[in-house]
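Here's a quick briefing to read with the model open in your viewer. Take it topic by topic and click along.

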Amino acid sequence: MKALTERILHYTILIVVTIFSAIVMWKLSAKSQMAESHMEAATRPLSAIAIPKAPVAVEPLAVETCEIYSTYAGKIQPWEIYQVGFEVPGRVLQLGVNAAGKPLDEGDRVVAGQILALMDDRVFVARKEEAAARVAQANSDLERAQQVRVNSPSALSAAEIQRLVTEVALAKAQLQVAVKNLEDATLTSPVDATISKRMIKSGESVGGNQIVFELVQDDKVLLVVDVPESQIRELENRQREVAECRQNASQTTDVEACVFRARVHLEGTDSFGNSWPELFGEVYHIPEVADTRTGLFPVEIELANEDHHLRSGMVATADVVTNRVRGYSIPEVAVLFRAHRAYLFSVEQERADMEVLYWNLGSAKVYRARQIELPQWVDQGPRIVVPAESVDLENAITRGQYRLSDGQLVRVVDSPSVPPAVAVSTQPTTSGPSER
């Protein structure tokens, strides 16, 4: 019984001590919280000037005419290919000569009317002289018969006179054929072109209409690109817009609006690894039907080639302009894509007081990042085109935007137009001790 009493007393004392300790701890905690709240109330937060800011790079934006294009690959082809030859059979006497005085060969430039080859024409000259003699004989016979008919109407019948008239006509026709054959003994170029193939040599015999030269007209060339049927409609719409613009050319000052522009890039690089210069072309022809083998539409793009650097078979890509809109051209790195959303961060200027200890040194510029949604946009490789009607933009953050949040203060660096956030000093104005 005595042991039970001691145990009850022991537990009672422990419970009392525990309750007392809890009360003491609660009192001390309440006092600490009150002291902290008083301290927080007496301490002001950091001003916007003193808050650490994330460094960002900003690029200014302005509304401009942006080109929306689609890229296709293709090969260069000559403007036209001519296959020429003698219309009469015979032996080639000699070939024409190039600018250096040497016989024409593949790669030589020729102009319209230049002699490509000469055929041995002695037979054709003889036939021409024979035909000319027959014409003279037939004319003489007809004149004598007409004179006899005048002197003695019954001496010659009308049928005899008609026969002589027919012989004169036949003789003249034979003369024309002989002259044509003599002219065909000289082969000339029909256009300014480059010789791509030469199939004959001096002294060889050729048949009538046998192809002896292949000429390519390459002052202009065609880049033929394959366009899928899903995108051919865009090209047709643009072609109609260009046609309408040309009809009303006097009412517009935008020259590019009346041109179905294509920017062409040749494959490969020079010895220093630099890309070849960009070429400017124009869509020349959109076919009515697709190629039966590929199911694609071979669209032709016209390219100037006065220097003859472009050769048939060269590979190139073309950025075909399908639309022109007023909007912003934004670097791709500035746009963030999250869950089918596209947005960017822009910078806004605002003024903030610059306080040091007890003094207000005036105001300074600070920059705040704002998140802007892009409801409409078109991916154009290194740039993103955003229509001006869908959003209003002044600048875009191009570096340091991945960890920003809306409304966060930033420090602008490497910007061509936005000045750094440096305090604008004024005469110090004492405003009295700041409350703490």
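R163 and E167 are four residues apart in helix α3 (residues 158-184), so about one helical turn separates them. Their side chains meet in a salt bridge, at 2.5 Å from N to O. Keep in mind that this is a predicted model.

**More on that helical pair**
- R163 counts as partly exposed because its relative accessibility is 37%.
- E167 is partly exposed too, at 32% relative accessibility.

**Salt bridges across the chain**
- Searching the whole structure turns up 22 salt bridges.
- One of them joins R324 to E67, with the closest N and O atoms 3.9 Å apart. R324 sits in strand β13 (residues 315-331) and E67 in strand β2 (residues 64-84), so this pair ties together parts that are 257 residues apart in sequence.
- E67 and R324 also belong to a network of salt bridges that links them with D254 and R263.
- D219 pairs with R109, and here the closest N and O atoms are 3.2 Å apart. Since D219 is in strand β9 (residues 213-227) and R109 in strand β4 (residues 109-110), the bridge ties together parts 110 residues apart in sequence.
- D219 is partly exposed, with a relative accessible area of 30%, and R109 is partly exposed at 32% relative accessibility.

**Around T194**
- T194 lies in strand β7 (residues 193-198) and is buried, its relative accessible area being 11%.
- Its side chain makes a polar contact with the side chain of D218, at 3.0 Å.
- Setting aside neighbours within four places in sequence, T194 is in contact with G107, D108, R109, E214, L215, V216 and D218.

**Around A145**
- A145 belongs to helix α2 (residues 122-151), and at 5% relative accessibility it counts as buried.
- Not counting residues up to four places away in sequence, A145 touches L156, I161 and L164.
- A145 and I161 are 16 residues apart along the chain, and their C-alpha atoms are separated by 6.8 Å.

- UniProt, in an unreviewed entry, places a "transmembrane region" at residues 9-28.
- In the model, that span is 100% helix and 0% strand, and its end C-alpha atoms lie 29 Å apart.
- L9, I13 and V17 make a nonpolar surface patch of about 290 Å².
- I13 lies in helix α1 (residues 2-42) and counts as partly exposed, at 49% relative accessibility.

Technical notes:
Residues numbered from 1 in each chain as written. Predicted model: local features only at pLDDT ≥ 70, side-chain atom pairs only at ≥ 80, totals over all residues. Heavy atoms only, no water. UniProt positions renumbered as here; feature names shortened; annotations may be inferred. Helix = DSSP H or I, 4+ residues; strand = E, 2+ residues; numbered from the N terminus. Buried < 20%, exposed > 50% of the residue type's maximum accessible area, 1.4 Å probe, protein only. Contact = heavy atoms within 4.5 Å. Polar contact = N/O pair within 3.5 Å; in protein donor to acceptor, adjacent residues only side chain to side chain. Patch = residues over 30% accessible without salt bridge, like charges linked within 9 Å, V, L, I, M, F, W, Y side chains within 5 Å. Areas by Shrake-Rupley, 256 points an atom, 1.4 Å probe, with all protein chains shown as cover. Salt bridge = Lys/Arg side-chain N within 4 Å of Asp/Glu carboxyl O.
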